[in-house]
Amino acid sequence: MKYFQTTKKWTLFWQRRKIDWAKSYMNPNHPHRQMLVETLKHLSWISLMEVGCGAGANLVRIINTIPKKQVMGVDVNPDAIAYAKTQFTGAIFKVNEAHNIIMSDKSTDVILTDMFMIYVTPRKMEKHLKEFSRLARNYAVMFELHSTSWWERFVIRWKEGYNIYDWKKLLEKHGFFDISLFKIPKEAWPESDLQQKYGHIIIARVGNHY
């Protein structure tokens, strides 16, 4: 799947994907997950919703490392959500598209994404970020691809089919503030040159306008 893929095509790809989620996806010990955990340890929060959670590998790592937290997960793949529900007691999981999540306003402290926004095209980005602002009380924490170069963003979208953004500029445009970006070290994602070069953790405070 390459050459300017649409958000709809990526959604259908993940929605219909049939894999063994336990064997193919459920790796809570991948090194980048510990970076997410360390980031979350420095924030004040009780509840967290991961958008594009898959089978819940990040959430397993978070709950096992940071106790007494409430987690929720949203994904378009019903098999992934069904498996995630077997890994938790009391957590909320929904099969839902990310731009229209059936949850009440300000229902979580933190919105988390992990290489999910690479599937969201510029035309659909406003809807997604408005939904994140509606749902989150305090923070958006994102592990995504970042570049300030429009040419790099163009080439990656053309060659790889992934969407890469200047996240500080984009989030400021949509009312987020106190935005920090941290480049990940190579050892956090050793199997991918793309993540090694462009992978960042982005932390932003969520505004009240949506």
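Reply: Start with Phe143, which counts as buried because its relative accessibility is 0% (buried means under 20% relative accessible area, exposed over 50%, partly exposed in between, with a 1.4 Å probe and protein chains only). This is a predicted model, in which local features need pLDDT of at least 70, side-chain atom pairs count only at pLDDT 80 or more, and totals for chains, interfaces and linings use all residues. Residues are numbered from 1 along each chain as its sequence is written, and side-chain values use heavy atoms, with hydrogens and water left out.

Phe143 sits in strand β5 (helices, H or I with at least four residues, and strands, E with at least two, are DSSP runs numbered from the N terminus). Not counting residues up to four places away in sequence, Phe143 touches His32, Leu36, Thr113, Asp114, Met115, Ile184, Trp189, His200 and Ile201 (contact means heavy atoms within 4.5 Å). Ile46 is 97 residues from Phe143 in sequence and 20 Å from it in space, C-alpha to C-alpha.

Ile202 belongs to strand β7. At 0% relative accessibility, Ile202 also counts as buried. Leaving aside neighbours within four places in sequence, Ile202 contacts Ala140, Val141, Met142, Glu144, Trp167, Leu171, Ile179, Ser180 and Leu181. Of these, Ile179 is 23 residues away in sequence and 7.1 Å away in space, C-alpha to C-alpha.

Now the cores. The largest nonpolar core has 40 residues (such a core is a set of buried Ala, Val, Leu, Ile, Met, Phe, Trp, Tyr and Cys residues joined through side-chain atoms within 4.5 Å). Leu40, Trp45, Leu48, Leu59 and Ile62 have the most contacts inside this core. Elements that each supply at least two of its residues include α3 (31-41), α4 (57-65), β5 (136-145) and β7 (199-205). Apart from it lies another core, of 27 residues, among them Phe116, Met125, Ala136 and Ala140.

Ile62 touches Val37, Leu40, Trp45, Leu48 and Leu112, not counting residues up to four places away in sequence.

The axes of α3 and α4 come within 10 Å and cross at roughly 50° (axes are lines fitted to C-alpha atoms, for helices over the stretch in contact, and angles run from 0 to 180 degrees between N-to-C directions). α3 and α4 are therefore oblique to each other (under 35 degrees is roughly parallel, over 145 roughly antiparallel, 65 to 115 roughly perpendicular, the rest oblique). On the α3 side, the contact includes Val37 and Leu40; on the α4 side, it includes Ala57 and Ile62.
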